[in-house]
Amino acid sequence: MSPSLAADNKERLTIILIDGDEIYIRSGRSHTFLQDYQLYIKGTDTEGKRIWVELSRKGVPLQDAIVTEGSQFVYTQNSTEILNLTVNTIYEGADGVLVRFSPVYQYLDTRLPMPQSSTESYDNASDKNISSDYPEMETQAKGFDMPLFLLGLGTVLLATGFFAGKRKGK
């Protein structure tokens, strides 16, 4: 994804870093945007309808808010919009909530340097900049062994095919 330009109503150009994407963040986890902005899901109410989010940069809290489905979280710096996220869906589960933000817009903060590689920074940002206070996001359930699962699935399919062929032969 490369930065693009857009003109706002004041006729000055704004550089768009993230243009309408969607992101998912679990409660207790964070997502790192370009220019080191980090959005953290700090908590949720007991029904999972409202979430407490905090935006920070390099460990310094910038803004926090309690948001619900359909509401927007907007961060501005000196009357310039930097980040605009809409809470699309809040999924409640046994381990907390998963929040889908869509659309997500990030605009260049001109006080900060231009990101060097926007695709590398955006795609891998969550892996690089998560504080040791927050556990890393897991892509697989604990105790689940993918190679063993695939081997077992293959064995079941092979046995099913063998016995189905044997039955047709009679």
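Me: Which side chain does the side chain of Gln38 make a polar contact with at 2.9 Å?
Reply: That of Ser30. A polar contact is a pair of N or O atoms within 3.5 Å; within protein, one must be able to donate a hydrogen and the other to accept it, and residues adjacent in sequence count only if both atoms are side-chain atoms.

Me: What are we looking at, and what was counted?
Reply: This is a predicted model: local features need pLDDT of at least 70, side-chain atom pairs count only at pLDDT 80 or more, and totals for chains, interfaces and linings use all residues. Numbering runs from 1 along each chain as its sequence is written, and side-chain values use heavy atoms, with hydrogens and water left out.

Me: Back to Gln38. What does its side chain join at 3.4 Å?
Reply: The side chain of Thr32, through a polar contact.

Me: Is Gln38 buried or exposed, and why?
Reply: Gln38 counts as buried because its relative accessibility is 13%. Buried means under 20% relative accessible area, exposed over 50%, partly exposed in between (1.4 Å probe, protein chains only).

Me: Which strand is Gln38 in?
Reply: Strand β4, residues 37-44. Strands (E, at least two residues) and helices (H or I, at least four) are DSSP runs, numbered from the N terminus.

Me: How many helices and strands does the chain have?
Reply: Two helices and nine strands. Along the sequence the pattern reads β-β-β-β-β-β-β-β-β-α-α.

Me: And how much of the chain is buried?
Reply: Buried residues are 32% of the 170.

Me: New topic. How many aromatic pairs?
Reply: Two. In Tyr37 and Tyr75, the ring centres are 5.9 Å apart and the planes at 55°, so that pair is tilted. Rings of Phe, Tyr and Trp (its six-membered ring) pair if their centres lie within 6.5 Å; planes under 30 degrees apart count as stacked, over 60 as edge-to-face, the rest as tilted.

Me: Where do Tyr37 and Tyr75 lie?
Reply: Tyr37 is in strand β4 and Tyr75 in strand β7 (residues 72-77), so the pair ties together parts 38 residues apart in sequence. Tyr37 and Tyr75 are both buried.

Me: What about Phe162 and Phe163?
Reply: They form an edge-to-face pair, 5.3 Å centre to centre, with 70° between the planes. Phe162 and Phe163 are both exposed.

Me: Which ring does the charged end of Lys42 sit over?
Reply: The ring of Trp52, 4.5 Å from its centre. A charge sits over a ring if NZ of Lys or CZ of Arg is within 6 Å of the ring centre and within 35 degrees of the ring normal.
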